[in-house]
Amino acid sequence: MNAKRFVWLTVGILLFLAISIYTLVLLLPENRYMDDEYPNWLEQRDYVFTDDTKQEILLLGDSRMKMGTIPTEMGDNVYNLALGGGSPIEMYYTLKNYLQHHPRPKAVILGFGPTHFTQMKSYTGRTLYFHYLDDKTVKDINTTIKDLDGVDLQTEALAYKYRWPNVYMRPVLRSIFKPREKKNAMLYQQAREAKGRLIKNDKSEEQYIVTPESKDGPFAPLKSLTYYTEQILALCNDNNIPVYMEQLPMGNPGYQRLIDNGYMADYHAYLRQMQEKYAVNIYYDIPLYEPYYFQDEHHLNRKGALRYSNELKERYPFIFNK
């Protein structure tokens, strides 16, 4: 075989493989190759878009809320619509879409770790990767992020929209030999039965807690995340939905570091601006829990989640006991 034929053969083989892999990415169901986080996002998306007539108390926020509250212990009409890695972006559109298919919630309890006002950790790696939001919404979000934060995610978003192999090839190829349908179906059902709660290492106990915020610099919220937080509050006000901003538990030595370096003072000043602008009910005190209530440095185990869920019920009896 001469050199020219060899080159063309090599190019042909590589092109065939690329087309084959991309075809697999397009044809294989997401449930076959997506990771453990996917079933919870899918369950939530399905729940939000399913028409219902039940008036509920909604829990919105990030993974600390997703894992740190137990709706089944809080009441028959409580549902957890927080998301692992979720930011005010996902929570705004979750609530907006929910209102199109469900009655106005009895109340919304909103809770984020402070880091979800300063960093956009999971928007591309989960929100876009799992196709949680439709294309028009993603376009609007990307425009807002670019205008407010000066970060252009338009090209990166195309890779997720069109499922480019550089993003999806590895999990797709892995799923050929280790398909995930059964496990993902099980996790989906688990999430539905838990009314949205994410269950992980519920029996694990930590020795000390160095919360992620204590490893960051000063509290410096992103303009885009502030914008979407305000959009949530405005949406609640426009629909006469009582909304309560909560703080998720922390532990030491991380919590004390945030006090000492001024992070918490800046965070509380940020919350006060929200309260003054939207007259929102804000609980400022961060619950300080012993390490054995946590399964890692910032997520509660079941014992901690049960304690926090009961504290919320005691703090808001006019919501849960009606």
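Modeller: One aromatic cluster is formed by Tyr-33, Tyr-38, Trp-41, Tyr-129, Phe-130, Tyr-132, Tyr-160 and Tyr-168. Rings of Phe, Tyr and Trp (its six-membered ring) pair if their centres lie within 6.5 Å; planes under 30 degrees apart count as stacked, over 60 as edge-to-face and the rest as tilted. Bear in mind that this is a predicted model, where local features need pLDDT of at least 70 and side-chain atom pairs count only at pLDDT 80 or more, while totals for chains, interfaces and linings use all residues. Residues are numbered from 1 along each chain as its sequence is written, and side-chain values use heavy atoms, with hydrogens and water left out.

Biologist: How many aromatic pairs does the structure hold?

Modeller: It holds 25. Take Tyr-129 and Tyr-168: their ring centres are 5.0 Å apart and the planes are at 5°, so that pair is stacked. The two come from distant parts of the chain, 39 residues apart, with Tyr-129 in the loop between α8 (123-128) and α9 (135-149) and Tyr-168 in helix α11 (residues 165-177). Helices here are DSSP runs (H or I, at least four residues), numbered from the N terminus.

Biologist: Are Tyr-129 and Tyr-168 buried or exposed?

Modeller: Both are buried, meaning under 20% relative accessible area, with exposed being over 50% and partly exposed in between (1.4 Å probe, protein chains only).

Biologist: And how are the rings of Phe-219 and Tyr-270 arranged?

Modeller: Edge-to-face, because the planes are at 65°, with the centres 5.2 Å apart. Phe-219 is in the loop between α12 (181-193) and α13 (223-238) and Tyr-270 is in helix α15 (residues 263-278), so this pair ties together parts 51 residues apart in sequence. Phe-219 is buried at 8% relative accessible area, and Tyr-270 counts as buried at 7%.

Biologist: New topic: which rings does Arg-307 sit over?

Modeller: Its charged end is over the ring of Tyr-289, 3.9 Å from the centre, and Arg-307 also lies over the face of Tyr-293, at 4.8 Å from that ring centre. The rule is NZ of Lys or CZ of Arg within 6 Å of the ring centre and within 35 degrees of the ring normal.

Biologist: What about helix packing, say α3 and α6?

Modeller: Helix α3 (residues 38-48) packs against helix α6 (residues 88-99) at about 35°, axes 9 Å apart. Axes are lines fitted to C-alpha atoms, for helices over the stretch in contact, and angles run from 0 to 180 degrees between N-to-C directions. From α3, Trp-41, Gln-44, Tyr-47 and Val-48 meet Glu-90, Met-91, Thr-94, Asn-97 and Tyr-98 of α6.

Biologist: Last one: how many residues has the largest nonpolar core?

Modeller: It has 64, and Leu-95 and Tyr-168 are among those with the most contacts inside it. A nonpolar core is a set of buried Ala, Val, Leu, Ile, Met, Phe, Trp, Tyr and Cys residues joined through side-chain atoms within 4.5 Å. Apart from that one lies another core of 20 residues, including Leu-59 and Phe-294.

Notes
Contact means heavy atoms within 4.5 Å.
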